[in-house]
Amino acid sequence: MIHVTKTYLPDIKKYKHYVDKIYQNGRVTNNGPLLVELEEKLADYLGVKHIVLVSNGTAALEIAYRTLDLNGFAITSPFSFVATTSSLVTNSILPIFADINPQTFNIEADNIEALCTPHTRAIVPVHVFGNACEVEKIAQIAQRLNLKVVYDAAHAFNVRFKGNSILNYGDISTLSFHATKLFHTIEGGALVINDDDLVQKARYLINFGIENAESIPELGINAKMNEFEAAMGLCMLEEMHLIEEKRAEIYSYYQQELNGFVQFQQLNSDASNNYSYFPVVFENEKQLLAVQADLNAHNIFPRRYFYPSLNTLSYIEPRQKCPISEGISDKVLCLPIFSELENNFQKIIINTIKAKVGLQSG
Ligand SMILES: Cc1ncc(COP(=O)(O)O)c(C=O)c1O
């Protein structure tokens, strides 16, 4: 069975080597040596000043909002994974959705300002499928209106913008290291923070608000990453070049073969591609469902991602309309992309789409 992604499992000998270390020193969590090593190596690899590892990408978003003391309203993208919005709601921040650009699938920067009110405190854009947002425009808006910016960079591992890490934009960027992601730690996530004081605050917040045995200065939660997860991250990091190489090949083949049959995501020309997803947009939902059914018959399961558009979630009040996001959500499918995807399966996927799309539009 082929799913949209398959968890990459690095060389087991390497992983065992780290597990042996954990058994020898007896440290399994609470800022252990492997976590410290992974933070240092990741900061260096990604080109960022501070990285704080946490238990998952959703916790990273929640800790980011708490670190910045956010409340009130936040302008965000309706075209994202549910955690971008649900993390705001659980922290009593009202999401206000700015519709997306129909080509890039990212929040349309030009839509942000008109939605801001005196209650607006932040912008929470998403680098959708790793595609860099209009970070310079968003920085200008934030500065003019005195807003904080938290980038949900769950998909943007190792993306560069004009040669610099995309994670250095905004007040905080958050990452997800879930098993389905390009780089993973089984479960996990991270915050990239430039400000030294805020880093310290985030570190308290992920550890119940504790500073030391006698001092608890913040209202925190438990969002710590453990040593077995950090060990997985250390192994993954050593193999990232192989993973990216293979994904780039698969990505290019889809692009070459499906050009003209479906709509592709338009990528930011100032940014690098990390090949984390391959989204395609069909003419209409009926066509998408027909392709999906045919692929399922071959035991291939692409994913309707992101679906539904987050402005339509039942717990979002007041109701907000985002016709572009809703339209893309109805028609987008993420095709399988992972380093072990064999070319014969990729050919089945491509031929199925060509047959269905060609047939229906013909
Ligand atoms: C855009 C986006 N934000 C946040 C998350 C949440 O990350 P996690 O699953 O690690 O909690 C995900 C996970 O898929 C995501 O895709």
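What share of the contacts in the chain with a separation of 6 or more comes from residues 24 or more positions apart? Here it is 71%, where two residues are in contact if their C-beta atoms, placed from the backbone, lie within 7 Å.

Hi everyone, a word on ground rules before the tour. This is a predicted model, where local features need pLDDT of at least 70 and side-chain atom pairs count only at pLDDT 80 or more, while totals for chains, interfaces and linings use all residues. Residues are numbered from 1 along each chain as its sequence is written.

Let's start with the whole chain. Its secondary structure comes to ten helices and 14 strands; these are DSSP runs numbered from the N terminus, with helices being H or I of at least four residues and strands being E of at least two. The radius of gyration is 21 Å, close to the 21 Å from the globule rule for 362 residues, so the chain is as compact as a globular protein of that length. That radius is taken over C-alpha atoms, and the rule is 2.2 Å times the number of residues to the power 0.38. Along the principal axes, the C-alpha atoms fill a box of roughly 70 × 55 × 35 Å. Of the 362 residues, 47% count as buried, meaning that 20 or more other C-beta atoms lie within 10 Å of a residue's own; exposed is 12 or fewer, partly exposed is in between, and C-beta atoms are placed from the backbone.

Now please look at the open sheet. Its seven strands follow the order β2-β10-β9-β6-β5-β3-β4, with mixed pairing; two strands pair if DSSP finds at least two bridges between them. At the edges stand β2 (50-54) and β4 (94-97), each with a single partner strand, so one side of each lacks a neighbour in the sheet. From one strand to the next, the twist averages 25 degrees. Axes here are lines fitted to C-alpha atoms, for helices over the stretch in contact, and angles run from 0 to 180 degrees between N-to-C directions.

Let's walk over to β10. Five bridges pair β2 and β10 in the antiparallel sense, and His50 has Ile193 as its bridge partner in β10. On β9, Ile172 also has Ile193 as its bridge partner in β10; β9 and β10 run antiparallel, joined by five bridges. Is β10 enclosed or open? Five of its five residues are buried, so β10 is largely enclosed by the rest of the structure. Gly189, Leu191 and Ile193 cover one side, with Ala190 and Val192 on the other. In a regular strand, side chains alternate between the two faces of the sheet.

Next along, β6 (148-152) and β9 (172-176) run parallel and share three bridges, with Tyr151 partnered to Ser173 in β9. Helix α3 (57-67) packs on the sheet, touching β2, β6, β9 and β10 (189-193), and its direction makes about 165 degrees with that of β9. Helix α4 (82-90) lies across β3 (73-76), β4, β5 (120-124) and β6, at about 175 degrees to β3.

Those two helices bring us to the ligand: α3 and α4 each supply at least two residues of its shell. The shell holds 14 residues, the closest being Gly57, Thr58, Phe81, Ala154 and Ser176; near means a C-beta atom, placed from the backbone, within 6 Å. By class there are four nonpolar, nine polar and one charged. Ala, Val, Leu, Ile, Met, Phe, Trp, Tyr, Cys and Pro count as nonpolar, Asp, Glu, Lys and Arg as charged, and the others, Gly among them, as polar.

Last stop: Gln255, in helix α7 (227-258). With 11 C-beta neighbours inside 10 Å, Gln255 counts as exposed.
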